[in-house]
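Visitor: I have a structure open and would like to learn how to read it. Could you walk me through it?

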Amino acid sequence: MHATRPAAAVRGTGLSGEQEPQQPPGGGSSSSSSSTTTDGGAERFSVLGWEQVQRLNQILEEAVPIHGRGNFPTLAVRPRRIVQVVRSRLEKRGVKVHSVRLNGSAASHVLHQDSGLGYKDLDLIFGVDLRSEEIFQLVKDVVMDCLLDFLPEGVNKEKITPMTLKEVYVQKLVKVCNDTDRWSLISLSNNSGKNVELKFVDSLRRQFEFSVDSFQIILDSLLLFGECSENPMSANFHPTVTGESMYGDFQEAMDHLRHRVIATRSPEEIRGGGLLKYCHLLVRGFKPKSEVDMKALQRYMCSRFFIDFPDIGEQQRKLESYLQSHFVGMESKRYDCLMTLHRVVNESTVCLMGHERRQTLNLIAMLAVKVLAEQNIIPTNVTCYYQPAPFIGEVNVKYYVTHMQPLLPCSHSYPTWLPCN
C-alpha cells in the first residue's frame, strides 16, 4: 500500500488523523518535509501493511541483551523501552526529538522478511538538534543515566559513574561534527553481534549505501499507540506506520530487495566500508543491476576504500572488525567474502601503485587462510607460516600467505590462493 502523505492515523473505526510528513534526520539526503516525492516524481514513502507492522512490533518487543564486561550484569531491555526512556529523558532536558526511526537491515527485514539480508544490529535514529558541544555531551549523559536505570534491582548504583557505564556497556562511541554531518552514535554491547545502536542525527549527508539498505521506518505512531490504546493491535485496528527509502524511490528499492539487486545513487559518496558491504551482498546472492554499473561501482568503491584506509594496518583492522561483527553465526561465509573481496580489488583497483595493490591482496589472502585455519578446514596441500611476511612486518598477525607464487586455482572444495601441488 502506498501513501502520498505519511499519516499518524490509527487504522480502525473511530480513530483517524493525518499530519505533514516528518523531515527525516539528516536533511542533506532527504526530500522536502512538505513532499513525499523525489524530483523525478517517484514516491519515497509507503505505508506498511499489517504483516509488516506485526514484524516491527515483534522487533520492538523482543528483549535484547546488553552484555556487561567483567562482573557487571547483563541488561535485558526491550528496544521499545529504550526508545521511550531515552526520548523522555532528552525532552525533559530540553532536547526535542523530532522523530525516531528504525534503520538499516532491521528495517529491510520488517519490509521483506525473506530478503536474504538478515539483520544483526538494531539501528535506531533519533532526529535531534545538535547545535553545540554541550548538546552532544548532554545526549551522551542521558544515555548513560538510562543504562543506570536499566540495572537490575539489588545492584548498588551509588558508586557507578557514567565513565564506568561507558566502559562496561558501550562497544562504540562516535561523534561527527563538520560542515555536512552532525551526529553521534552510541553502540551498546552484545556478545552475539546484535548491538543496539542509538544514533542521534542533526544532519547526515549520506544515509545509505545501497537501495536495499536505504529504508527507514518511522516509529512514532506505533510508540504512541502502545502508550495510549487500551486495545491490542489487530488487522483492522493498528497504527498507520510509514516507511521511507532514502534511495528516493520506495517501490524501486523494494523491487531491488525482493529480487536481490545491488543498486545505488551517487556511488562516489559511499564511504570506504561500502566495498565490504558490496562483497557481503554478493556472497548473500545479490547481483549488480548491470555489468556496466558493476564495473563503475567497483572502481568507485575500491578508490574510496584506499582513501579512507590508506595504511595496511588500518586495512587489516577494518577487515578483521567487519568479519567479526557481520558474520556471527555464519562464520563459514567469511572465507567466501574475502575471496570475493580479493577478486574485486584485483579487478577494479586503479588508484594504487603495483606494490601497494599486491600488499593489500596478500593481506586479504592471509586473512582468508587464517579464517580457514580457525575452522580447521585448511586443505592438506596448503602450508601456513607462523611469522609475519616482510610486506606486513609491522602488523601483528599469526598467518601469512607466501607472495612468491602466482594466484592459481585449486581443485579442493576450499580453494585458496596458495599453489596446488
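Visitor: Before we go on, what should I know about the model and its numbering?

Guide: It is a predicted model, where local features need pLDDT of at least 70, side-chain atom pairs count only at pLDDT 80 or more, and totals for chains, interfaces and linings use all residues. Residues are numbered from 1 along each chain as its sequence is written, and side-chain values use heavy atoms, with hydrogens and water left out.

Visitor: In what order do the eight strands of the open sheet run?

Guide: Strands of a sheet pair through backbone hydrogen bonds, either parallel or antiparallel. Here the order is S2-S12-S10-S5-S6-S9-S8-S7, with mixed pairing; two strands pair if DSSP finds at least two bridges between them. Strand S2 (45–47) and strand S7 (170–177) stand at the edges with a single partner strand each, so one side of each has no neighbour in the sheet.

Visitor: And how is strand S5 (residues 99–103) placed, buried or exposed?

Guide: Five of its five residues are buried, so S5 is largely enclosed by the rest of the structure. Ser99, Arg101 and Asn103 point one way, Val100 and Leu102 the other. S5 runs antiparallel to S6, with five bridges, and Val100 has Phe126 as its bridge partner there. Three bridges join S5 to strand S10 (residues 215–218), also antiparallel, and Asn103 is paired with Gln216. S6 (residues 122–127), in turn, runs parallel to strand S9 (residues 196–203), with six bridges.

Visitor: Which residues touch the most other members of the largest nonpolar core?

Guide: In soluble globular proteins, nonpolar side chains tend to be buried together. A nonpolar core is a set of buried Ala, Val, Leu, Ile, Met, Phe, Trp, Tyr and Cys residues joined through side-chain atoms within 4.5 Å. The largest one has 102 residues, and Leu56, Leu102, Phe126, Leu198, Phe200, Ile217 and Tyr278 touch the most other members. Helix H4 gives the largest share, 11 residues.

Visitor: How many residues does helix H4 have, then?

Guide: Helix H4 (residues 133–150) has 18 residues and reaches 26 Å from first C-alpha to last. That is close to the 26 Å expected, the expected span being 1.5 Å times one less than the number of residues. Its buried residues include Ile135, Phe136 and Leu138.

Visitor: Where is His67?

Guide: His67 is in the loop between strand S3 (64–66) and strand S4 (75–77), and is buried at 18% relative accessible area. Its side chain reaches the backbone nitrogen of Asn191 at 2.8 Å.

Technical notes: Helix = DSSP H or I, 4+ residues; strand = E, 2+ residues; numbered from the N terminus. Buried < 20%, exposed > 50% of the residue type's maximum accessible area, 1.4 Å probe, protein only. Polar contact = N/O pair within 3.5 Å; in protein donor to acceptor, adjacent residues only side chain to side chain.
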